[in-house]
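Keep the coordinates open while reading.

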Amino acid sequence: MDAPEDTPPGEVTRLLEAAVAGDSGALERLVPLMYEDLRRVAHRQLDREGGGHTLQTTALVHEAYLKLAGGGTVSATSRAHFLAIAARAMRQVLVDYARRRKAAKRGGGVISVTLGDEATPPDTSAEDILALDEALQQLDPRQRQVIECRFFGGMEEKDIAAALGVSERTVRRDWVKARAWLYQALYPEGEGAAGPEEEGE
């Protein structure tokens with residue numbers, strides 16, 4: 001699924017427009033062109049979980065693609081917007097996976113990964129992933145999108161602004177507010193290792 005080196009200029013935009021217009025094959029043709037960007041987003045999300053996840057980067061990209069493809073029409077209008085949507089899909093994959101891990105732990109079952117590479121023992125608490133997801137659901141929708149794009153997707157503020165159709169200043173304000181709120185929600189007594197302003201400041 002490697003991206004062709006001779007991708008014509010504007011091809012990503014053309015395919016996004018085709019996908020929005022309902023072309024069911026456009027997403028399939030788009031993913032190879034965006035593959036390295038998607039791998040970067042997936043790698044960052046897995047790193048957020050401590051590097052011991054049984055899902056590998058390639059598997060997460062594929063699982064996210066299946067989620068996007070199964071959702072019907074893709075509504076992305078730009079490269080940055082598509083990456084924002086993909087980052088959200090990847091986070092949803094990891095949350096679903098955490099739920100399965102938690103259920104399997106309770107029932108003593110074995111978790112199967114649809115498209116995994118090599119399996120390594122998980123060292124991230126499913127409870128932590130689910131707690132983060134629950135906290136994110138309580139945020140204002142735009143603030144949640146900013147967190148998904150920046151914290152999980154590793155996107156720059158200008159790209160997030162373009163994806164969400166707001167100013168960089170608005171993105172920055174949402175980031176600071178949302179991160180501070182999440183820190184308080186997840187670490188009510190300040191027991192976290194890092195404060196809300198540590199990264200990206």
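## Basis

This is a predicted model, in which local features need pLDDT of at least 70, side-chain atom pairs count only at pLDDT 80 or more, and totals for chains, interfaces and linings use all residues. Residues are numbered from 1 along each chain as its sequence is written, and side-chain values use heavy atoms, with hydrogens and water left out.

## Nonpolar core

The largest nonpolar core holds 52 residues. Such a core is a set of buried Ala, Val, Leu, Ile, Met, Phe, Trp, Tyr and Cys residues joined through side-chain atoms within 4.5 Å. Buried means under 20% relative accessible area, exposed over 50%, and partly exposed in between, with a 1.4 Å probe and protein chains only. Leu30, Leu38, Phe82, Met90, Ile147 and Met155 have the most contacts inside this core. Helix α5 (residues 79-107) supplies the largest share, 12 residues. Helices are DSSP runs (H or I, at least four residues), numbered from the N terminus.

What does Ile147 touch? Leaving aside residues up to four places away in sequence, its contacts are Leu136, Leu139, Phe152, Trp175, Ala178, Arg179 and Leu182. Contact here means heavy atoms within 4.5 Å.

## Cavity

The count gives 1 cavity of 30 Å³ or more. A cavity is a set of points, on a 1 Å grid over the protein atoms alone, where a 1.4 Å probe fits but cannot get out; lining residues have an atom within 4 Å of a point. The largest cavity has a volume of about 50 Å³. That volume is the space filled by probe spheres set on the points, and grid points are joined across faces, edges and corners.

Its lining consists of Val31, Leu38, Val61, Ala64, Tyr65, Leu68, Ala86 and Met90. Helices α4 (57-70) and α5 each give two or more residues to this lining. Helix α4 gives the most, with 4 residues. The lining divides into 8 nonpolar residues, no polar and no charged. Ala, Val, Leu, Ile, Met, Phe, Trp, Tyr, Cys and Pro count as nonpolar, Asp, Glu, Lys and Arg as charged, and the others, Gly among them, as polar.

## Salt bridges

Side chains of opposite charge can pair when their charged atoms come close. The model has 13 salt bridges, each a side-chain nitrogen of Lys or Arg within 4 Å of a carboxyl oxygen of Asp or Glu. Arg14 pairs with Glu11, with the closest N and O atoms 2.8 Å apart. These two are 3 residues apart in helix α1 (residues 11-20), so about one helical turn separates them. Arg14 is partly exposed at 43% relative accessibility, and Glu11 is buried at 18%.

Arg88 and Glu148 pair at 3.0 Å between the closest N and O atoms. This pair links distant parts of the chain: Arg88 in helix α5 and Glu148 in helix α7 (residues 141-152), 60 residues apart. Arg88 is partly exposed at 30%, while Glu148 is buried at 2%. Arg142 and Asp174 meet at 2.5 Å, N to O. Arg142 lies in helix α7 and Asp174 in helix α9 (residues 168-186), so this bridge ties together parts 32 residues apart in sequence. Arg142 is partly exposed at 32%; Asp174 is buried at 3%. Bridges with shared partners join Lys67, Arg88, Arg91, Asp96, Arg99, Asp133 and Glu148 into one network.

## Ala69

Ala69 lies in helix α4. At 38% relative accessibility, Ala69 is partly exposed. Ala69 and Glu28 are 41 residues apart in sequence and 8.1 Å apart in space, C-alpha to C-alpha.

Notes. On a 1 Å grid over the protein atoms alone, a cavity is a set of points where a 1.4 Å probe fits but cannot get out, and a pocket is an open set with protein on both sides within 12 Å along at least five of seven lines; lining residues have an atom within 4 Å of a point.
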